[in-house]
Amino acid sequence: MVREIHQNSQERQHKRRIQWALSTIAGCLLAALPVFGNPEDPSQMPNMFKPQSSPAHAIFHLSLFVLAICAVIFVIVFSLLTYSVIKFRRRANDDGREPPPIYGSNQIELAWTVIPVLIVLVLFLATARVIHGIQQAKKPPEAIEVIAIGHQFWWEFRYPALGVVTANELHVPVSNTSHPTPTFITLVSADTDHSFWVPRLAGKTDLIPNRENHMWIDPDQPGIFIGQCAQYCGTQHAKMLLRVYVDSPDQFKKWVQEQSKPAQASESAKEGRRIFETTACINCHAVSGTVADGRFGPDLTHLMSRDTIASGAATNTPENLRLWIHDPATIKPGALMPAMNLNQQDLDAVTAYLETLR
Amino acid sequence: MSTASSVSMEQPWVLPSRGRVGMFSLIAAELAIFTIFVVAYLFYIGKSVTGPLPKDVLELPIFASICLLSSSLTIHVAVSALRNGRVQAFSMWWFGTMVLGLIFLGETAREWYHLIFEKGLTISTNLFGTTYYSLVGLHAFHVTVGLICISIAMILTLFGKAKQEHSERAEVFSLYWHFVDGVWIVVFTVVYIIGR
Amino acid sequence: MASETIALTTVHDVPQPIGTILHGWVTTVDHKKLGILYILYALVFLVIGGIEATIMRIQLIVPHNHFVSPQVFNRMFTMHGTTMIFFVAMPILFGFGNYLIPLMIGARDMAFPRLNAWSFWLTAFGGLLLYFSFLGGNGLYGAGTAPDVGWFAYAPLTATAFSIGHSTDFWTLGLLVSGFGSIGTAINILATIVCLRCPGMTLGKMPLLVWLNLVMAAMVLLAISPLTAAQMMLSLDRFLGAHFFDTLAGGSAVMWMHFFWIFGHPEVYVLVIPAFAFASEIIPVFSRKPIFGYPVMVAATVCIGFVGFSVWAHHMFTVGMNSYANSFFTITTMAIGVPTGIKIFNWIGTMWGGKIIFKTPMLFCIAFLFQFLIAGLTGIMLSAAPFDWQLGNSYFVVAHFHYVIVGGILFTLFGAFYYWFPKMSGRMYNETLGKLHFWLFFIGFHLTFDFMHIPGLLGMPRRIYTYEPGRGWDIWNLICTIGVFFQIAGTSVFVGNLLWSYFKGKAAGNDPWDAWTLEWSTSSPPVEYNFAEIPVVKSRRPLWDIKHPEDPDWKYE
């Protein structure tokens, strides 16, 4: 009778253990969902495990390899630890004698030295291949060349061969393996250190003053890829956001054409343009085709072609634009653009003018 | 485990002297600081954007170097003298060390005066100015600290306080002085030979 | 043996005016008092640093939060990091070293008692100088002129052009001053261990804590100096117009990084090696077995000491070094995982076949083993340079190093507190409260730092005062913040336990744990001169030899 009860309780324990195990696995999978889930909207997660460009792909595959090895090591050592903590605990009925002292064992020490050294060797070789593969990639003649200049707290992008200057939103063409058109980016800084990080496209590379760094991407799908500055650069480091627009070849050509044109002159915004050109605005901003050629702040020639302003801190709507010009600190306290202190009329006029810069 | 008095050891239990170990440790730390300044100096050779270049303004401080390196010799003789109980000799050679060190500092001061007021090179002129004054200055600072210690010991000696049992302390200090001289050899090579 | 354990009548028995007591503490050169001063100083800053962390986590609990301004947040992460490394971790480890080393080697004090006092007060003053920055400038509103350049103060953000006012100078000078204190203590520890061991205690018979502190002290001598040099250079730039890091004049921002990390990486080994030391003393006693593989443990630590100076640029993988440099630092960083892993295996080997007693010190050390394993593995992940190109400067790194410093170092520190509290105070702490502290802190630690890896994997950089919603980071930040409150609860229980037990705990006796190293042969607390007669030892476990004269260690070592 006792034996049956014992077996029943054993069975129940067993069942409970299985249920517990299953629910834990389910819980882990659920938790993992956001990491490996499938967002398709533009504000998608900057998830390095969904690479969309060769450097990101290479890193992704390497990371799986590294994670696998670490997981195996973890399971082995974790099990040894758990086993020893449970098996060698002092029991309640302990006789009080000290256990036999073991001072060491040369064979065991050798074993658990040699095996980790071999693991390190394998890991290193796999890693070195990826390092060289990414850093020593050759630039094909059809590559798009961009110079990215980091500023406190915005990104300047210049396409010297195409005659385009823009800010914060980088446009690149999709690149397919049969006809590769990667984008090679030269990274420099106008002030402090920054870092260009769009996880789905590549690892991050820093922008350091008095130094030229290089990186490349070859996105294989059109879409919008988000990232942000990844090296603390001052007060508004958090809002130095990045958007990379991967366009189809036609879209990209059209974009380049639009961007290389000077600003359209518009009658309706004459007053706003006058105020713009006679106030401090032109000290920092450039509008091609006008007298404004300041370089401290973003080029505004095609401001309205961008989805966001203030390096992603706000969407590009007339209200936000007006608020920004009135006092940037309301959107991005610590940004280096001062409050322009325009009266309401002038503010409306200038905003209207900027709204014409498509 | 037992107490020291009740057990006779086969060999006497002798450990290094703490003064010597302490001074070697300090020297190790100081070496690390100097290494960083030397690395900066070497890295910035030829990278100045403007301003006077080393070969335009630097003259080899031969006399000053001879004085400083000789002072290593004199301090060594002084310490030997004290170890052998010859306090008078110690006093004389110690004084000689002090004089040689002061001459070195004086020469450095003269060189800096010449560079600042006649050649227009200051620490903020260019990278050469920055690295030169900081490296040579750091060394000169260490010479100064050493000279202060030497002067204090000199004063005490003149008051008749120096005794043979102080030779170990003098020797520990002389390690510092030898280190300062050794650093000068490196600084001289980097600044006046490699960098010029 | 009796002569070492007589607790002679001391001045404690005669009540003294409070002024005399305070004067005694301020002018002391006794290593035990200085050790306690270091520890108490660090505990105060632990609480302050914890408040700074809590402020940050509350700001990050939801995206676009407005708990603090960006300026205040940036000061918080700078002060939190600087405080925890320089005014919590280093002083507390120096404090324990100061207290324990002379006792463990059978000496009466450190080699240079006055240098010891000077070093402590210099460190203390450095911390006060750094914190005075909160009061300058605008005063506490807006956090005054506290530095906001990050604890590694990258150039040229620290140049006068980008860091207006004196906030950066408080950082530079506070650390410069305390750095001299650290070098003083390192010289002292090294000289003490080399020169003051009791007869019979050869280098191969020292307790592992002593060996590991020796390696740590040697590292401090070589590692702090680069930071000192770099800070001198920065000060010359800021005060005298020098151009060390002035990129417009041809200076190099990367050079600051090299100098800083040549300090910064060995520094983390300086912090973790004494933590290993605590584990190496506690685990054997609570497994009732000697440490497994003593010579290998020593060799592995020395190896870590050397290799630790060759890995620094793994903090700079994203800086644009060429592929050969990146590969070099990858392999050295992976290589240092080998001796570190060996140590973990040896600790397991110590427990294996033993009789493990789950008292509070051991609970913390067991958790340390699990957590340090994970920390090491995330370190291996970061050592693969391309993986670091994604994970570097993200919350994955923040999670990794907090796993090492909190999950590794702080846990063994808590273990050390409970283990040596009876020796230092003469009283036993409350075991139930100790276990409560453990579980609360364990839960809080894992809630915060396990889940912190995920936003890093999902692209969240560090040092941002807020983040965009919809990137998949929101839920994880929330969980991380919740964990903070468990940690606060655990720490409060800890402080309460120490205070209560100090006044009301039951008498501990000399050797409450039935341990084997020399400090347990003195009274609790030890008399000022430590030992009536300097002991002579024959093995690594002198008290084992006394307690088991029929089976002494020296026959088998």
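**View 1. Which chains touch.** Chain A and chain B have no contact, and their closest C-alpha atoms lie 12 Å apart. Keep in mind that this is a predicted model, where local features need pLDDT of at least 70, side-chain atom pairs count only at pLDDT 80 or more, and totals for chains, interfaces and linings use all residues. Residues are numbered from 1 along each chain as its sequence is written, while chains are lettered from A and ligands numbered from 1 in the order in which they are written.

**View 2. Chain A meets chain C.** Here 75 residues of chain A are in contact with 76 residues of chain C. On the chain A side, the elements giving two or more residues are helices H1 (2–36), H2 (54–87) and H3 (106–135) and strands S7 (205–207) and S9 (223–228). Helices (H or I, at least four residues) and strands (E, at least two) are DSSP runs, numbered from the N terminus. H3(A) gives the most to this side, with 15 residues. By class, the chain A side has 41 nonpolar, 24 polar and ten charged residues. Ala, Val, Leu, Ile, Met, Phe, Trp, Tyr, Cys and Pro count as nonpolar, Asp, Glu, Lys and Arg as charged, and the others, Gly among them, as polar.

**View 3. Chain B meets chain C.** This contact takes 33 residues from chain B and 40 residues from chain C. On the chain B side, strand S1 (2–3), helix H1 (18–44) and helix H5 (127–158) are the elements that give two or more residues. The most come from H1(B), with 13 residues.

**View 4. Helix H6 of chain C.** Because 24 of the 29 residues are buried, H6(C) is largely enclosed by the rest of the structure. Buried means that 20 or more other C-beta atoms lie within 10 Å of a residue's own, with C-beta atoms placed from the backbone.

**View 5. H4(C) beside H6(C).** Helix H4 (residues 70–104) of chain C packs with H6(C) at an angle of about 20°, their axes 11 Å apart. Axes are lines fitted to C-alpha atoms, for helices over the stretch in contact, and angles run from 0 to 180 degrees between N-to-C directions. That makes H4(C) roughly parallel to H6(C), a term for angles under 35 degrees. Among the residues that meet are C:Phe86 and C:Met90 in H4(C), and C:Trp171 and C:Leu175 in H6(C).

Technical notes
A residue is buried if 20 or more other C-beta atoms lie within 10 Å of its own, exposed if 12 or fewer, and partly exposed in between; C-beta atoms are placed from the backbone. Angles under 35 degrees count as roughly parallel, over 145 as roughly antiparallel, 65 to 115 as roughly perpendicular and the rest as oblique. Two residues are in contact if their C-beta atoms, placed from the backbone, lie within 7 Å.
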